[in-house]
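I keep this notebook to record what I look up in a structure that is new to me.

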Amino acid sequence: MILPRTQCVVEAGGGADGPGCDRLRRLRSDVYGCFTRRADALFDLCDAMACAPGPVACPVELSLEPEFRRGHAMVYESLAHGRVDVGRLRRVLVERLAPARAGEPLMFGVDVTPIPRPDTRYVNGLSMAGVRGAGGDRLMSGWPVSVLAGLSWGACSWVDPLEARRIEPGGGSSATALAQVEGLLDDLAVTGRFRPGQVAPLVMFDAGYPVVYLAHAVAGRTVQVMGRVRGDRVFYGPALAPDGRVGRAARHGARFVCADAATHPEPDVQITAHAERYGRVRVSAWHGLHQALTRNGAWSGFPAGRALPILPGTLIRIDVERLPREAQPKPVWLWHTAPEGTETDVDLLWKAYLRRFDQEHFHRFAKVHLGLAHARLISAEAADRWHALVVAAYAQLRAAAPLVADEPRPWQKKTAPGTLPGGISPPARAPGEAVA
């Protein structure tokens, strides 16, 4: 969403009034406090990014925007030598998360978006990034960025990005995601967004993450973990009680092969629903299933003298009647674990995972409109500051969205007043005058 220059950035003491404008002013003041060197230039750059009339194609072009009140040389000077306290910025954004609905958890998603740099020779901090294309997925040099975002219910595609952290060479997406989740839990406690007695927050991962390893790593924290698992995975039920035979007791029970329906017992939970886009939806869930772990991949560093853990959880299968564009529907498998005493609400979990796909809209919007992938910087540290500016600019657009009226282009769908999803303009829609 590209907000009008004269009204999108509400300066403290400006002409607009109302609770929404006050919240936006406080957010802007707190974001400014996260810039600890070259603060004015970085803040102007963030404003220019948010107010540009079209997609951001290059950082230096933002110097032409009236919000950037300095010469063009200060664009790269601020990115190269400025400082952004990303931990403080994440805490500022966590503090402004909307509360969860009564009896439900706060929802978060973690996923990686690639910033490809295949033609560069003198760029530091490069890793291998998986890039999707018409010919299939490819690995190329670049900066994979792990994005942590808050998710919410509704038909609106807005999310609440909290942090975009570059994955260091050799660091791995799992270690980076784990650090982000631990920082998130600390921030939720410090800011009071989560208090003892509330439902544990839910963090969701896409396929490719070792969800069992991540669940084990945060086992001592109050958090629910759910991730998508491949359709060829094998799980096991609880081990049977000893039958008096000599020898070591079995650690695993009956096999559950996701791809073999003959190994599936009767589900513990079965739900049937209808979705306009997908037709009939059938959700099945089995409690108390775990994987038989081996010392490879994420578990390669597990101490040799200790037995690998057994982490029981709930396995969820989602089947739909149809997919858009006549694609062949396939089952979606999810695995979920929660702290002891937390009720497993399967109906909430499968619907929550659908909200995780809103994060993909943020990745696209940040790249296409805010220039997340267009900086073409040599320094990885400067790129980190650029990524933080993108998150800060989007957060301010998110806060300003309820203050403006929807103004669709002639070719865009027109909406009647008060009928917008969530009551706010969607991303990438150019709104009109502020309504506050």
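In which sense, left-handed or right-handed, does helix 2 pass helix 5? I found that helix 2 passes helix 5 in a right-handed crossing. A crossing is right-handed if the near helix is turned clockwise from the far one by less than a right angle, and left-handed if anticlockwise.

**Basis of the entries.** I note that this is a predicted model, in which local features need pLDDT of at least 70 and side-chain atom pairs count only at pLDDT 80 or more, while totals for chains, interfaces and linings use all residues. Residues are numbered from 1 along each chain as its sequence is written, and side-chain values use heavy atoms, with hydrogens and water left out.

**Whole chain.** I counted ten helices and 14 strands in the chain. Helices (H or I, at least four residues) and strands (E, at least two) are DSSP runs, numbered from the N terminus. Of the 436 residues, 46% count as buried. Buried means under 20% relative accessible area, exposed means over 50%, and partly exposed lies in between (1.4 Å probe, protein chains only). I also looked at contacts, meaning heavy atoms within 4.5 Å. Among contacts with a separation of 6 or more, 66% are between residues 24 or more positions apart.

**Helix 2 and helix 5.** I returned to this pair for its geometry. Helix 2 covers residues 19-33 and helix 5 covers residues 86-95; their axes come within 9 Å and cross at roughly 165°. Axes are lines fitted to C-alpha atoms, for helices over the stretch in contact, and angles run from 0 to 180 degrees between N-to-C directions. Helix 2 and helix 5 are therefore roughly antiparallel to each other. The cut-offs are under 35 degrees for roughly parallel, over 145 for roughly antiparallel, 65 to 115 for roughly perpendicular, and oblique for the rest. From helix 2, Leu27, Asp30, Val31 and Gly33 meet Arg88, Leu89, Val92 and Leu93 of helix 5.

**Helix 3 and helix 4.** What angle do the axes of helix 3 and helix 4 make? I read roughly 115° for helix 3 (residues 39-51) and helix 4 (residues 73-81), with the axes coming within 9 Å. The two helices are therefore roughly perpendicular to each other. The crossing of helix 3 past helix 4 is left-handed. Ala41, Leu42 and Leu45 on the helix 3 side meet Met74, Val75, Ser78 and Leu79 on the helix 4 side.

**Ala41.** Ala41 counts as buried, at 2% relative accessibility. Leaving out residues up to four places away in sequence, Ala41 touches Phe68, Arg70, Met74 and Ser78. Its C-alpha is 8.5 Å from that of Gly82, 41 residues apart in sequence.

**Strand 7.** Which residues point one way from strand 7, and which the other? In strand 7 (residues 202-205), Leu202 and Met204 point one way and Val203 and Phe205 the other way, and all are buried. In a regular strand the side chains alternate between the two faces of the sheet.

I next checked the neighbours of strand 7, where two strands pair if DSSP finds at least two bridges between them. Strand 3 (residues 107-116) pairs with strand 7 in the parallel sense over four bridges, and Phe108 has Val203 as its bridge partner. Strand 8 (residues 224-229) also pairs with strand 7 in the parallel sense over four bridges, and Met204 has Met226 as its bridge partner. The chain goes from strand 7 through helix 7 (residues 211-217) to strand 8, and this β-α-β crossover is right-handed. That term applies if, with the strands pointing away from the viewer, the path from the first strand over the helix to the second runs clockwise.

**Strands 11 and 12.** Strand 11 (residues 269-275) and strand 12 (residues 279-289) pair in the antiparallel sense over seven bridges. A hairpin of three residues joins strand 11 to strand 12, and Ala275 is bridged to Gly279.

**Positive phi.** Most residues other than glycine have a negative phi, and most peptide bonds are trans. I noted Arg38, with a positive phi near 55°. Arg38 lies in the loop between strand 1 (35-37) and helix 3 and is partly exposed, at 34% relative accessible area. Arg376 also has a positive phi, of about 55°. Arg376 sits in the loop between helix 9 (358-368) and helix 10 (380-400) and is exposed, at 52%.
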